[in-house]
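Hi,

Here is the structure I promised to pass on. Have a look at it first, and then read on for my notes.

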Amino acid sequence: MATTTTPPTAQSHLSQAEVAELAREKQSPKAKIGMVASYVGMALIVLYCIIPFYWMVVSSLRDPSQGRSTQFIPDPISVENFKGVFAGQNNFGRSLINSLIVSGATTVLTLLFGIVAAYALARLTFKGKGLVLWVIMACSMFPVIILIPPLLKMFSSTEPFEWFPRWVDTYQAVIVPYLSFGLPLAVWNLTAFFKQLPVELEQAAMVDGCTPGVAFRKVILPLAAPGVFTTAIIVFIGAWNEYLLALTFLQAADKQTATVAISKFTGTTGFDTPYGTIMAAGVIVTVPLLVAVLLFQRRIVAGLTAGGVK
């Protein structure tokens, strides 16, 4: 009976590092160029976003006497500009409180109405539902400037709006117009989020004895928290940074928001051009928003990408 013999396996004379190098996929020159271009593009975008903020911080830390200095590092470092921000004539502390009240109220009302409308558009079936959604979005496309003349007439109780209560120099004079820009964003974003949640969740809750309202409040709303949180952050930032409507309708010094107060700064002496003081106020207004976005960036990204993948 013939037997077969297996030839001995040839031993490799290559080291593990050399084997790994040979097994690694080689990139073509075109792929390497694309990778380098991607990194360069990202670096340019980061610089484009960071440099203005860096310059604002540097300018705020200069001595007020240096004015429009072009030094990239302040020498000497001074906090006089930050003291000037809260000088009595600027009334900046009260303006920050006004901005917080207006932005907070706008955010709460936007979420209150936006969640209800978005849930109805996501779950109810009726004719023209798509048209309703597009009309809501179209409302946010009107330029702010064209809304000011009719709103100013209405809020001032002038002809033909004598019947309307006078709202100039009141918080609602800006909160209500802000809703016209915050609500379309909230409805659009939250509708996409509610659509991705299975309707079987509510049905299972109702089988267990929940009413539709309780099922929405205890089952759906907690699951929609990332989308709600993202919408709240975006609406709050938009209301916090708005300038034109606040300048028009909040004319009294004790009602002005922070953005309007900054535009009326008179400097630390009342006669100098307050470049450093304005920059310091910009840092005070911007840093809290920046910290909030950095702390909750995962929730924001989760909310923005909701409904994008099925």
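Below is what turned up, starting with the aromatic rings and ending with a pair of helices.

Please keep in mind that this is a predicted model.

**Aromatic pairs**

As you know, a pair of aromatic rings is described by the distance of the centres and the angle of the planes. The count here comes to 14 aromatic pairs. Take Y119 and F194 as an example: their ring centres are 5.5 Å apart and their planes stand at 85°, and because planes over 60 degrees apart count as edge-to-face, this pair is edge-to-face. Y119 belongs to helix α4 (residues 92–123) and F194 to helix α7 (residues 172–195), so the pair ties together parts that are 75 residues apart in sequence. Y119 is buried at 19% relative accessibility, since the cut-off for buried is under 20%. F194 also counts as buried, at 1% relative accessibility.

How exposed is W134? Its relative accessible area is 55%, which makes W134 exposed. W188 is partly exposed, with 36%.

There is also a cluster, in which ring pairs link F155, F161, W163, F164, W167 and F249.

**Charges over rings**

R62 lies over the face of W55, 4.8 Å from the ring centre. For Y171, the charged end of K255 sits over the ring, at 4.4 Å from its centre.

Leaving aside residues up to four places away in sequence, N98 touches Y171, D254, K255, Q256 and T257. N98 counts as buried, at 0% relative accessibility.

**How α5 and α7 pack**

Two packed helices are described by the angle between their axes and the distance between the axes. For α5 and α7, the angle is about 140° and the axes are 8 Å apart. The two helices are therefore oblique to each other, as only angles over 145 degrees would count as roughly antiparallel. Their crossing is left-handed. Which residues meet there? From α5 come L133, W134, I136, M137 and C139, and from α7 come S180, P184, V187, W188 and T191.

Best wishes

Notes. Residues numbered from 1 in each chain as written. Predicted model: local features only at pLDDT ≥ 70, side-chain atom pairs only at ≥ 80, totals over all residues. Heavy atoms only, no water. Phe/Tyr/Trp six-rings, centres within 6.5 Å; stacked < 30°, edge-to-face > 60°. Helix = DSSP H or I, 4+ residues; strand = E, 2+ residues; numbered from the N terminus. Buried < 20%, exposed > 50% of the residue type's maximum accessible area, 1.4 Å probe, protein only. Lys NZ or Arg CZ within 6 Å of the ring centre and 35° of its normal. Contact = heavy atoms within 4.5 Å. Axes fitted to C-alpha atoms, helices over the stretch in contact; angles between N-to-C directions. Parallel < 35°, antiparallel > 145°, perpendicular 65-115°, else oblique. Left-handed = near helix turned anticlockwise from the far one by under 90°.
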